[in-house]
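Subject: Handover of a structure and the findings from it

Dear colleague,

Please find below the structure that I am handing over to you.

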Amino acid sequence: MSLSSVRDNDREEAHVCGAPPWVRDADLSLLTAREREVLFALGDCLSNAAIAGRWFVAELTVKKHVTSVFTKLEISSRAEAAVIATYRKCAVWCPSGH
């Protein structure tokens with residue numbers, strides 16, 4: 001496979017699902033189960049306080065998980081986390097589109 005066909009494939013995939021490569025390529029296997037839960041909570045636009053209340057943990061515990069998610073996925077904002085979470089949820093519901 002040539003480099004140009006790889007690039008064409010990337011463009012085609014991005015067009016089909018509308019997600020840029022950094023979203024599609026986010027490696028959730030790097031995250032613990034709790035970190036994945038935090039990621040999806042961020043995707044639901046929950047605050048640290050809301051997440052902590054839901055799980056009966058300290059807000060500082062949630063903050064540490066959020067920081068770990070950002071580090072492992074090499075992202076820097078809750079918005080980026082929300083985009084990744086939303087894409088992954090969508091991929092579960094419509095796998096043929098991704």
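**Overall make-up**

Please bear in mind that this is a predicted model. The protein has 98 residues, of which 31% count as buried. It contains 6 helices and 0 strands, so that the order along the sequence reads α-α-α-α-α-α. When contacts between residues at least 6 apart in sequence are considered, 60% of them join residues at least 24 apart.

**Helix α3 and its buried residues**

Helix α3 covers residues 33–43. Its buried residues are Glu35, Val38, Leu39, Ala41, Leu42 and Gly43. In general, an α-helix has 3.6 residues a turn, so residues three or four places apart point the same way.

Glu35 is a charged residue in name, and its surroundings may therefore be of interest to you. Is Glu35 buried or exposed? With a relative accessibility of 5%, Glu35 counts as buried, because the cut-off for that class is under 20%. Leaving out residues up to four places away in sequence, Glu35 touches Leu30, His65, Ser68, Val69 and Lys72.

Leu42 also belongs to helix α3. Its relative accessible area is 4%, and Leu42 is therefore buried. Beyond its neighbours within four places in sequence, Leu42 is in contact with Ile51, Val66, Phe70, Arg78, Ala81 and Ala82. Thr86 lies 44 residues from Leu42 along the chain, and their C-alpha atoms are 9.5 Å apart.

Phe40 has its place in helix α3 as well. At 25% relative accessibility, Phe40 counts as partly exposed. Its contacts, with residues up to four places away not counted, are Leu28, Ala85, Arg88 and Lys89.

**How the helices meet**

Two packed helices are described by the angle between their axes and the distance between the axes. Two such pairs are set out here.

- α3 and α5: the axes come within 9 Å and cross at roughly 95°. The two helices are therefore roughly perpendicular to each other. From α3, Arg34, Glu35, Val38, Leu39 and Leu42 take part, and they meet His65, Val66, Ser68, Val69, Phe70, Lys72 and Leu73 in α5.
- α4 and α5: the axes come within 8 Å, with a crossing angle of roughly 115°. This pair, too, is therefore roughly perpendicular. The contact is made by Asn48, Ala49, Ile51 and Ala52 of α4 together with Glu59, Val62, Lys63 and Val66 of α5. The crossing in which α4 passes α5 is right-handed.

**Loop residues**

Thr32 lies in the loop between α2 (21–24) and α3. With a relative accessible area of 39%, Thr32 is partly exposed. Thr32 and Ser68 are 36 residues apart in sequence, and the distance between their C-alpha atoms is 9.6 Å.

Which backbone angle is to be noted in Cys45 and Phe56? Most residues other than glycine have a negative phi. Cys45, however, has a positive phi, near 60°. Cys45 follows α3 and lies in the loop between α3 and α4 (48–55). Its relative accessible area is 67%, and Cys45 is therefore exposed. Phe56 likewise has a positive phi, near 55°. This residue is found in the loop between α4 and α5 (59–73). At a relative accessible area of 77%, Phe56 is exposed.

**Rings and charges**

How many aromatic pairs are there? The count comes to 0. A charge does sit over a ring, however: the charged end of Arg34 lies over the ring of Trp55, 4.2 Å from its centre.

With kind regards

Note on methods
Residues numbered from 1 in each chain as written. Predicted model: local features only at pLDDT ≥ 70, side-chain atom pairs only at ≥ 80, totals over all residues. Heavy atoms only, no water. Helix = DSSP H or I, 4+ residues; strand = E, 2+ residues; numbered from the N terminus. Buried < 20%, exposed > 50% of the residue type's maximum accessible area, 1.4 Å probe, protein only. Contact = heavy atoms within 4.5 Å. Phe/Tyr/Trp six-rings, centres within 6.5 Å; stacked < 30°, edge-to-face > 60°. Lys NZ or Arg CZ within 6 Å of the ring centre and 35° of its normal. Axes fitted to C-alpha atoms, helices over the stretch in contact; angles between N-to-C directions. Parallel < 35°, antiparallel > 145°, perpendicular 65-115°, else oblique. Left-handed = near helix turned anticlockwise from the far one by under 90°.
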